[in-house]
Structure formats: structure tokens, C-alpha cells
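Here is a short report on one structure. Look it over, then read on.

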Amino acid sequence: MTQDAGSIRFILNETEVALSDIAPTATLLDYLRLDRRLTGTKEGCAEGDCGACTVLVGRLVDGELIYESVNACIRFTGSLNATHVVTVEHLAAKDGTLHPVQQAMVDHHGSQCGFCTPGFVMSLYGLWLSNDAPSPADIEKALQGNLCRCTGYEPIVKAAEAVARARPSVVFDPILKVRASITARLQQLKTTDTISLTSGEDRLIVPGTLSALADILAEHPTATIVAGSTDVGLWVTKQFRRINPVVFINGLDELQTIRETADGLTIGAGVSYSMAFAKIAAAYPVFGNLIDRIGGEQVRNMGTIGGNVANGSPIGDSPPPLIALEATVTLRSKDGARTLPLEAFYIEYGKQDRRPGEFVESVFVPRMPETERLAVYKISKRRDEDISALCGAFRIAVAGDGKVTSARIAFGGMAGTPKRAANVEAALIGKDWNEATVISAQNAFDADYQPLTDWRATAAYRQLAAKNLLMRFYLETGGESVQLRRFEGVA
Amino acid sequence: MMDNTTFEERKTIAGPMHATLRHDSAHKHVAGSADYIDDLPEPAGTLHGALGMTDRAHAEIISMDFSAVEAAHGVVCVLTAKDMPHSNDISPSHLDDEPVLADGLVQFHGQPAFAVIAETRDIARRAARLAKITYRDLPHLTDITDALENGAALVTKPLTLQRGEPEAEIELAPRRLKGRMRIGGQEHFYLESHIAFAIPGEDDEVTVWSSTQHPSEIQHMVGHVLGVPSNAVTVNVRRMGGGFGGKETQGNQFAVLAAVAAKKLNRAVKFRPDRDEDMTATGKRHDFLVDYDVGFDKEGRIHAVKANYAARCGYSSDLSGPVTDRALFHADSSYFYPHVKLTSQPLKTHTVSNTAYRGFGGPQGMLGSERIIEEIAYSLGKDPLEIRKLNFYGETGSGRDVTPYHQMVEDNIIHGIVAELEASSEYQARRAAIIDFNKTSRVIRKGIALTPVKFGISFTMTAFNQAGALVHVYQDGSIHLNHGGTEMGQGLYIKVAQVLADSFQVDIDRVKITATTTGKVPNTSATAASSGTDLNGMATYDAARQIKERLIAFAAERWQTAPENVSFVANHVKIGDELVPFPDFVKQAYFARVQLSAAGFYKTPKIHWDRNTGRGMPFYYFAYGASVSEVSIDTLTGEYMVDRVDILHDVGKSLNPAIDIGQIEGGFVQGMGWLTTEELWWDAKGRLRTHAPSTYKIPLASDRPKIFNVKLAEWAENAEKSIGRSKAVGEPPFLLPVSVFEALSMAVASVADYRECPRLDAPATPERVLMAVERLRAAPAGTV
């Protein structure tokens, strides 16, 4: 049996906290509001979609202290070991002087009812810390996870532009001035010892190493593995599911690596979308564009590609491009590791090929030959921070004679799992890559998919849009510009 | 700190009327120190409530078993309809059709049938899921078309507006078109969900903090359910985290339950529903089905209009009567209908009872009217703007200046607004360029539209057009301001404070804005119908006037001079040639036993309305505006972007341009969401499946118009004697984004060479846009 050991230790604004009796499902938001009476952080939705609860969490990445915006409503307190949590109350100087980010929001009339405002301030603060000269696209991206119902956003964006333009050289900042000491302190709090705590009947476990994780899962094969909690968080806040015991893997450095070789990218299961973005976008710009449309910034800072793959959702956004790219997934347990093609991992709706005691260790994305073309298209009711109605990835190789030599097409939102369009692929391979072939292949979608009607789209729309996306792909390979772009170079 | 500069140093005050000022709470908002109800410290022993929700759209409740609920650790009690001490009804229309808790009959999926009170909110919410309810299912109607076609009952009496001979004239008109438009509802999505917090007092007293736009109604409902008089109930609200109409009546159930539990248990009780519970259990904007029939001539001039506006009202009347009335009041948009008959049909459905939402039916009324214009334009091959101009209300006395409700349009400035915007936005050149672009662009198509707004200001229930204010001037010259309006982000408090500062000619930081409470100003109307500043600003002005008159009389006597020699100048009172600092003057007045406190009052003049005859002057004045929107659509997927928006809007003489621009921009984006991505979706069981931001998509920063030019019509001034000659601004801008909808429509129409009206329904989701494209491509001309 895993014995109780240690405590969850983190820094809250300027106070160090050690918690040894916390439920595995206790959220940071409740901790802030109920236990600490830090009520500046608001609850708007309790599902990571509105951003009213945005706080910054600082953590060490390769020894460097970085701060990321997160949704406190679905961030479990048990996942905070060796972090620095920064709330809106920490921004202003002791004499009440507002931080420049806050002052810009005041000067530009960026608040009306004010309830979303602390969350916006924290998102803007996260941007301010990480980007000296944000473009309009950068600002909108930083705000994708924050809803405002009053202002129409214009004054908030103006505030963001203004504070970026006029960065005072000497400014009071609660993070920058203590960077070195926080870094040192977090280094001390980081541990390779396993933390294990019980609270009533519930248990949370924070393994210190990968091998400890394998041992823990061998002992608790039904444990819930939590990386970013952007999905599991809702099991708790919305469904009251019992997920005992909970194993938090977000602090495991061994799962935080992203390795680039001549063969491709190996992405550790704990790597967040934000951390993976640069390397994926460099290798596959269209995949990078897709990542920019997954959740909001807070969700991308928390959510992992490993988790997106492992939870098996039919509407997860990373599986279609990963399947098109022939990605493999490596699962590890105490007994060793095995690797299988990602598409084989998905058995049916709600069922994946993950055996008791196994965890997803990494996803390998092989390098695609430069002669091939890849496109990824996400269709949703709202462009950003929405779940796909459908998401399609198209990959094709066309020989010198104009014939299609290979095709891999995969969709989310069209079946019970992320699924390849085998009939469409067959209808393309060996044919001339031209409009007639595409029109004829469009019919094959009916054999591949029988999508559902739900609140995101009707079956008819899903099928029609999927067919039309093949045409879009064809037109784009011919150099035609057929996608709407809000900003040049950004899909 | 108050500034003690001399008059010579500064001859103007900080924060007069018409000045750009920040929201009074802006600093607190950004610092996280503005307190909402859930942020207030809780007294020891505070309990928390959660709703027990049903999972049938229409059913009899056979039994409810709470044994598992009551056995849960930390549960204090379960409340059902039988625990309501005096009444289980909170119908704001007084039709006795809205139970606090379902009593034997479930009328919408999710309707609360019980409430759990527990030591923590988490315990209460978890325990609420442990009840075992058995039902006998009854047939349900949730969809508006089904309701219409199956002869659903009406929740309240319908309205007819008629003028002239519509039946005959529509037959005589050279051309005629009929059609149907489906208009979706809308979730308010205030960022702060509903909340109520009740603290029991002595005897029959209770104090409730409620996130409400209507404290007096909360007071009445709490009193009614508890069976205590209004004087036992005090309701407070400092600020809401958004309202938009969603907190006009919908806070009642939470406030009542908190108060009932607090009195029963003699402990403080808080009710804060989760977002999903809030979206499931509280009403929304009404969906409408508009059937129209229009007769017109070959130029596009309208001869006669007949239209029926059927609304999905939900299971009870709530505010559906006045909402559907207002839809008809705006079914003329800005156009003169020589002969007209408009009817409303407030349909009962087994869905949550729909309620007030910014515009209050007006946007739906107007959208139907603008569809008629589109139909005429596409059928004649003309620019809809040309048809609009042809049909605008004429100048006063033109004979084309009377509305379907027989009110004359006496302050018409729509021609000037539209002409100015058409020029400044370069509408004609851009439209020509777009038509050229569409000729050669295979996949991406563009559209542009200019649509007008004319919105009637006043509650159509004449009695609601009254307001009170309470002003105290203290001996140190500081001023306490209270009025019946509530602050939900719209900037009411700062605007009214400007009125008061301006009246006394003191810097605005001398004025303390205080929380709205039924204990200071009684018998208030909801802060709604865009009326907050008009009514409360005037009431406050009246309170200041009374105090100033006393002060002037005092000065005239003390200084032995004529009253006209006494004036209020920047932070001073000028008596003859003598300047006395305001605080010193006030102190002297106190010692002279002058009453330094006053209750102000205002009632809107001129208005009257007879619903039975459909005649009257329901509106004191109209607010105007117009917008031009340009969009691009992807004809392969239906996806779209809003490329540019230009707005010219009339707020009269603005009391605070920054606040007004904020209302216009925010109202526009909110209205754009209603018409584009915000879709409410019920499944076959009658369950709302879009009940959280993960499934219900309001606009993001990246959805706002990429170029967004917003201007006030600076030359405008209210023709009526409103406060500072300003105009109401809360609702009218919500109607501006109809131009986005019509620009999408034009882009779709391009695939059939603009020969067919695309008949887009709202919201124009990417799916609806794509399906409209497919429909137009598939159909030969004249058959769509």
C-alpha cells in the first residue's frame, strides 16, 4: 500500500503553503475563494470556458521559471506542488498603485460589470510577461479563453495594445522583482519523492518519478491519471464523478520532454499544447494553426496532447492530424512498454487499447516527406475556443505524373472514434489528382461515415462539410486561397 | 481625498454631465476588490442551498423520495412546495402560473421541484442528485413550430395592432410576397450567475442580497411567499455581474428560496446555482416564428403589411405579454406601413419560461421587418438600402409619420443618420467592389448591408415610468446618493452621480454612490427598458433641486440678497460677489437648521397607452442609429468573418461618451452573437443541451469586427426634455448587428446572382449559411 507521505507545497502570491489534508478533487478556485478569502478570482462557469477564474501558475521548465494562465476552476489543488500561484490581488503595489496592465484596462474602459475583469487582467498579465510586442493576433489568442458579455472586447484589446506599446522601463511588478528567489524556492519544493495524501475515503498521489508512476498504477490499476485536468476537471465540477484514487502526473519532468530527431518528434505525455506548439508548428504549420484553435490559452497551458490522445474522445482535435501523420503511441506499465499505431489505439466509442496499469508515455510523430501535402481543418460554430463539429486531416502524395500515390484522411466528429476515411482514400489512390477525381471521391464519405446530429451540427451538415473539405484541400494544393483568414499568415 | 483648490484656481468641476468618465468601479474591477454577492463575508453558520431539478419536460410527479438526500452528511433540510409558508407562486404577471417549486406537475425539463439546504454548497449540490422522483409522462411541445402547428395554448392575451385597410390593400398592391422567418432565442450569459443571500431578522424581518435588476419585485415576491408585508423585507444590491434582462424577474426563485430557508432555520442562507443550473432553470430571449405577407409596388414602396409574430414563451407568462407587445411595436423597424395588421401569438411550450432580454422582443420584431425589406429588394433586383430609404418614416406632417400603434413619429432623424453613415462608410463604393469580387471568387464570397435602428423608449406599462432618489448632504459637504436604479455594468451609477455633481457644481468625488436598497427608495421599477438613466437621473436632479432651493433661500436670507444672486459654481456657492466653499456653506446651512436631505421623484410626461384599442403614445421618444457591416463567407463550409463594421448612433447629448460607446460596442457584439453563433438546442426529450459555455457560444474577442468604427451622432439632441437632453442607450444598439445578418445574407445570395432572397433563419450559424448556399445553388430562380 502506498503510505501517506509529504504534503502539497506551493507559493500563493507571497505566502508559502503546505497542505496535507486535501481531497483529490478540491479545486484551486474553491481553495482561493473559500479557504483563503481571495475573492478577486471569480467562478463564471466551472468548466474552463469563460476565464473568470484565470490565475497565473509559475513552474520550473528546464530550470527556468515560467508563468502560465490557467483556469483555477478546473485546476486541482493537489496538482500544484512546486508552483507559484499568482492571483489578481497580487498585482497592485502595496500602496494601491495599479499594475500597468490594470491601469490600461481602467484607462481604456475595459470593464463594465467587472465580473470577468480579474480574469482578463490575469490573461493580459500573462501576455505582458511573455511577449514584449504582441501582434493583434497574439492579443486575440491570449484572450481566446476569456468571455466578456458587456464590452464587445474592443476596449480590452485596446488596453492590451496600449500596455504593450508603452512599457514603462521601471515598473513595480510582483513577479519580476522576486524571480530569483521564487526560482530557488521552487527548486527546493520540487521533489522526486512520491506525495500521497488521504482525505476521508479519497486519496491523491503525486508520483516523483516515472518508475514510481508505473509502480503506483500497478498497485492502483483503476486510478484516474490526471495531467492537465481540462477534461477530468469537468467530471468533478459537473458530473460529481468519483475518480478515486487520483494520480497527478503534471509535475513529472520525465513526461515533459519533446524530442526532435531526423525521424520525427517524440512528445511526452505531459507536454502541454502550449509547450508543444513551437516544435509542432515548425514541423507542420497547419497543425500549429489547429493547436491555436484548441480551447483557450488557459486550456492550452494545462491540457496535454497525451491526455487528448488518451481520453479517446471522438471530438478531440489532435487525433485526426496525428493519425494522418502515422503517429504511434507508446504505453508503459511496470512490465515494460509497447508501441502501437495511434489509430489502432481507438477501439470503439469510450474504449481504448489501454490495459490496466498502463499509461500513455509518449506520442511519436514521424517526419512527413516534403513531397507530401498535409492540411488540417477544424469546423466549429464559433471559430475559437469551441469543440469541433468536425475536424479533418488530409495528407496526400502525388507523383510526377499527377497520380495520387498515397492518401491518409482522418476525421474527428464523424464517428464514435477518430477515424480514417478508408473509402475516400481508396477512391483517390491511383487516380489523377484533379477536380473530377475529388468530386467522385466525395461520394465515398457516405460509406466511411454516418455522423450524428447533435447541438454542434446536424448529420447532414457534417457529411456535406466533410466532402467540401476535400474540395478545399484540392483547391489549396492547386495554390488557390480558399480559407478565411482574420490575419495574414494565420489560419 | 477631496480637492480644496480655490475657485480662481479651477473654475470647472471634475465629472459634470456630458464628460467622459470612467466607470465608478473600474479601479476595483481590475484590482479584484469589487464585491459581488458571493464575495461578501458570510456570517457564522451560513448554509447553502441547491436546486433539486426534474428530468422530464412534461410529467406528473407521482412521488418524491428524499431519504438518501436527507441521509447525506451535512444536509440540513429539504424544501418542497409545501414548505412555502404563504404561497408557492412568484408569477410576475400575477397570473398565478409560476410556482417557486413544481407542485405535482413538471412543465419543463429541469424545473426545480425541491431545494436542498446543507452546510456547504458542494454538499447541497451533490445531495440534490440523490432524490428519487417517479413521474407519469405527459406529451410535451418544446419546439416553436410544433407548438404553432399543434395549437398550443397562449400564456397571456395576444395583441393586435392595426391601421388602415391591410386586407384590401394587400390584394390591390401590384406585387405581393409571403414568407416565414424563424428567429432563435438567446441565453443572457451574464458572467455572474444568479445568486441570493438571505439573513433572517427579528420578528417577520429578512434582508436579502440579490443579484437583481428589480429589488422591489424581489421584495414583493419574498413578502408574498413568506406571507409578510413589504416593510418586513429589505433587498440590497450593490452591483451585478451583468444582467441584460436576465435578472429582471429570474432572481425571484433564488431569493425566495434563500429567504424561506433563512426564516425557517434562523440562519443565513445562500443560493448560488452552478452555470449549468442557471442556464437550465432560468428564462431566455424568446424565439419567434414570423409569418409575413406584404403588398408593394415595382419601385419597392410598401402598400400594406400583415404579419403574425408567434413566440416560444415557455411554460408560464412571466414577461411574455409585454415582450410580444414590444415585438409588434418594433415590427415596423424604421418604415412607414400605409396599411398594417400585426398580431402576436404568445405560445405556451414545455420549456423554461422565457423572459426579458435586452431589446425585450424589439429585436425580433425589427428582424422580421428587415426580412420583408430584403424580400422586396431581392425580388426587384435592387439594393435593400434603396428599398429602406424609400420606405422610411417621413418628416413630421408628411402623412408618412404614423406608427401601427397610432403614435406619431415626431423626432425622426433616421434619414440624416443613414445618409451620413452611407457616406462616411463609403457604402456604395464598397458594395460595388464586393459585387465585383464575388464575380470571380469561387469559394469566398462577401456581403455588405446597411440597416437602421429606431427604438421606442419607455416602459409600455405606463405606471413603471416613475423613479425615486434619495440625496443627503452631510455637514462636511460630502454627498450621499441613492436611487432606485441598479448597476449591472451599464454605468448607471456614474451617470447619475454626474447629474448630481453637476447639479451642485461639486467635484464628483464628493458624491458617494451607494448600493440600491428597498429601504431607502421604495416602489422602484426594474432597471430595464433602457430607462435607468432617464428615470433615476431625473429623480436625482429633482432631489438636488429641492435641496438647492432650500440652500438658496437660506443664502438669500443670511446674506440679505435676492435669490437670483445665489448660484452654485465650481465647488463653491456664489452669493453676490462672495464665494463660499461648498463645505463651509453647507455647514452654515446646517447650523441654520436647513434640511439637507431630499427624496426626489420623476414620472415620464406625455405617455399613455390603451392596449385594448392598440392606440396611444407608449414611447416618450425614439433612439436612432445605423450600421454598415461587411462580411466574408466560405461557401464550402459556411464559416464566416465580420471584416468591418461602421456605426453611427444617436444617444442625444451624451451624458458620458465613454460609457455610451461602451454600451454601443458591447450591445453590438452581443446582438451579433444572437444572430450568428449563439444557438439554443433542445433534444427530443425536451432537454436543453446547450447549457454551458462549452456548448453555447457567445462571441469572443476574435469574433468582434476586425475593423470597428463606432461614432456617436454628435449633433443629436433629444427633442424631449430628458436629463441633459440625452437618450437611452442600453437596448437600441443591440439592434444594430442586423446588418451583419443581412451582409451574410447578401454573400449567400451571390451564389444565385442576387435573384433570390436567401431567407436565412437566425442564428446564422455556419451550418445555416452553408445550407442556404446549397439551397440557392440547387433551386432554379423563383422557386426558393
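Domain bounds here come from an automatic or database domain assignment. For chain A, that assignment gives domain 1 (8-89 + 178-248), domain 2 (92-173) and domain 3 (257-477). The model is a predicted one.

**Domains**

In chain A, 35 Å separate the C-alpha centres of domain 2 and domain 3. The contact between them involves 6 residues of domain 2 of chain A and 8 residues of domain 3 of chain A. On the domain 2 side, those residues divide into 1 nonpolar, 4 polar and 1 charged.

Chain B has its own assignment: domain 1 (26-34 + 466-603) and domain 2 (408-461 + 617-784). The C-alpha centres of these domains of chain B lie 39 Å apart. Here 16 residues of domain 1 of chain B are in contact with 16 residues of domain 2 of chain B. Helix H14 (492-504) and helix H15 (532-558) of chain B are the elements that give two or more residues to the domain 1 side. H15(B) provides the largest share of that side, 6 residues. By class, the domain 1 side has 5 nonpolar, 9 polar and 2 charged residues.

**Where the chains meet**

How many residues of chain A are in contact with chain B? The count is 63 residues of chain A, against 66 residues of chain B. Four elements of chain A give two or more residues to its side: helix H2 (100-107), helix H3 (117-130), helix H5 (154-165) and H18. H18(A) gives the most, with 7 residues. The chain A side divides into 33 nonpolar, 15 polar and 15 charged residues.

H2(A) is mostly covered, with 6 of its 8 residues buried. Those buried residues are Pro100(A), Val101(A), Gln102(A), Ala104(A), Met105(A) and Val106(A). Their cover includes H3 and H5 of chain A, together with helix H1 (26-31) of chain B. After H2(A) comes His109(A), whose phi is positive, near 60 degrees.

Helix H19 (residues 766-778) of chain B has 13 residues and should span 18 Å at 1.5 Å a residue. Its end C-alpha atoms are 18 Å apart, which agrees. Its buried residues include Pro766(B), Leu770(B), Val773(B) and Leu776(B). From chain A, strand S17 (373-379) and helix H18 (459-477) pack against the buried residues of H19(B).

**A strand and its partners**

Is strand S17 (residues 466-473) of chain B largely enclosed or open? In S17(B), 6 of the 8 residues are buried, so this strand is largely enclosed by the rest of the structure. S17(B) runs antiparallel to strand S24 (residues 597-603) of chain B, joined by 7 bridges. Val471(B) stands opposite Ala598(B) in S24(B). S17(B) is also antiparallel to strand S18 (residues 479-483) of chain B, with 5 bridges. There, Val473(B) stands opposite Ile479(B). S17(B) and S18(B) form a hairpin with 5 residues between them. In the turn, Gly477(B) has a positive phi of about 85 degrees.

**Nonpolar cores**

The largest nonpolar core has 348 residues. Ala198(B), Val208(B), Val222(B), Ala258(B), Ala259(B) and Leu744(B) touch the most other members. Leaving out residues up to four places away in sequence, Val208(B) touches residues including Ala196(B), Ile218(B), Val233(B) and Ala255(B). Apart from this core lies another, of 46 residues, among them Val506(B), Ile513(B), Val521(B) and Leu551(B).

**Backbone details**

Asp62(A) lies in the loop between strand S3 (54-61) and strand S4 (64-71) of chain A. Asp96(B) lies in the loop between strand S3 (75-79) and strand S4 (105-106) of chain B.

Cis peptide bonds come next. One joins Asn244(A) and Pro245(A), with omega about -15 degrees. Pro245(A) is in the loop between helix H8 (232-237) and strand S9 (246-248) of chain A. Another runs from Ala762(B) to Pro763(B), with omega near 0 degrees. Pro763(B) sits in the loop between H18 and H19 of chain B.

Key:
Residues numbered from 1 in each chain as written. Chains lettered and ligands numbered in written order. Predicted model: local features only at pLDDT ≥ 70, side-chain atom pairs only at ≥ 80, totals over all residues. Expected span 1.5 Å × (residues − 1). Buried ≥ 20, exposed ≤ 12 C-beta atoms within 10 Å, placed from the backbone. Contact = placed C-beta atoms within 7 Å. Core = buried A, V, L, I, M, F, W, Y, C linked by C-beta atoms within 7 Å. Nonpolar A, V, L, I, M, F, W, Y, C, P; charged D, E, K, R; others polar. Pairing = 2+ DSSP bridges.
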